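Hi everyone, thanks for making time this morning. I'd like to walk you through one structure, so please have a look at it with me.

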Amino acid sequence: MRKSQYKKLSPIFIERWSPRAFSSKPVPEEDLMTCFEAARWAPSCYNEQPYIFVYAKEDKALKEFQSILVEGNRVWAEKAPVLVVVFAKKSFEKNPKPNRWAQFDSGSAFMSFVLQAHMLGLACHGMGGFDPEKAYAVCKVDPQKYTALCVFAMGYQGDKLELPLQYQEKEEPNDRKELAKIVFAEKVGLI
Ligand SMILES: Cc1cc2nc3c(=O)[nH]c(=O)nc-3n(C[C@H](O)[C@H](O)[C@H](O)COP(=O)(O)O)c2cc1C
C-alpha cells in the first residue's frame, strides 16, 4: 500500500519504486545523460560534488559490471540495460582532510538521478549487494581515494513473470514507517 495523507505531496515520491523486473529495451543516451545531469545539480558539502558514477550499457561492459554483483542481485539485474556504480571521494579536493559528508552527498545525487529517471518513465534499483573490490578493479577506480557505495540498475520496467519465481511475489511497491517514527519536534527522548 503506497499512499500519503498529505495531499500536497508530489506523486513522484510515492509512485517511484524499485522494481527487479527490467526490460532489456535500451535507454536512449539523451535520457541517461539527462539523469546524470540531474545528479550533477544535487547539493553537496562545500559544493565538492564528491561522487563519481561509472556506467555500463554495452554488452561486454555490462557483463563485467554484472560480475560485481552478489548472485541474489545478479539474477534479476542482469536484464537491465544500464548498470551504474557510485563512488564517493574520501577526502576533500582543497585539503587532504576526510570528507565525512561525501556519502551523504552521493546519496543526494543518486536520488536526483532516480527521480529524474522516474520522470522519464525509467526505473532504478539500488544495490548494496556487490563486491567492492571487484567494483574498484572493473571500474579502474583507486580504492585509496574512493569508496564504492552502491551499484544500481536502470531501465524500463519489465514483465514480472520473467523474474525468477522467488522474486515474482516480492515484485510490489513496499510501504514506509510512519512519519512519527522518523521525525521529531525539538527532541527525541527515549525511543
Ligand atoms: C543503498 C541501497 C542499497 C540497496 N541494496 C539492495 C540490494 O542489494 N538488493 C536489492 O534487491 N535491493 C536493494 N536496495 C533496494 C531497497 O531494498 C529499496 O529501495 C527499499 O526496499 C525501498 O523500496 P523502494 O525503493 O521500492 O521504495 C537497496 C537500496 C539502496 C538505496
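One definition before we start: a strand here is a DSSP run of E with at least two residues, and strands are numbered from the N terminus. Please also keep in mind that this is a predicted model.

Now let's step back to the whole chain. It has 4 strands and 7 helices, and along the sequence they come in the order α-α-β-α-α-β-α-β-α-β-α. For 191 residues, a compact globule would have a radius of gyration near 16 Å, and the 18 Å of the protein chain agrees with that. Of contacts between residues at least 6 apart in sequence, 80% link residues at least 24 apart. Buried residues account for 28% of the 191.

One residue I'd like to show you is Gln 66, in helix H3, residues 59–66. Is Gln 66 buried or exposed? Gln 66 has 21 other C-beta atoms within 10 Å, so it is buried. Leaving aside residues up to four places away in sequence, Gln 66 touches Arg 74, Ala 77, Glu 78 and Leu 83. Phe 130 is 64 residues from Gln 66 in sequence, and their C-alpha atoms are 9.2 Å apart.

That's my tour, and I'm happy to take questions!

Key:
Residues numbered from 1 in each chain as written. Predicted model: local features only at pLDDT ≥ 70, side-chain atom pairs only at ≥ 80, totals over all residues. Buried ≥ 20, exposed ≤ 12 C-beta atoms within 10 Å, placed from the backbone. Contact = placed C-beta atoms within 7 Å. Rg over C-alpha atoms; globule rule 2.2 N^0.38 Å.
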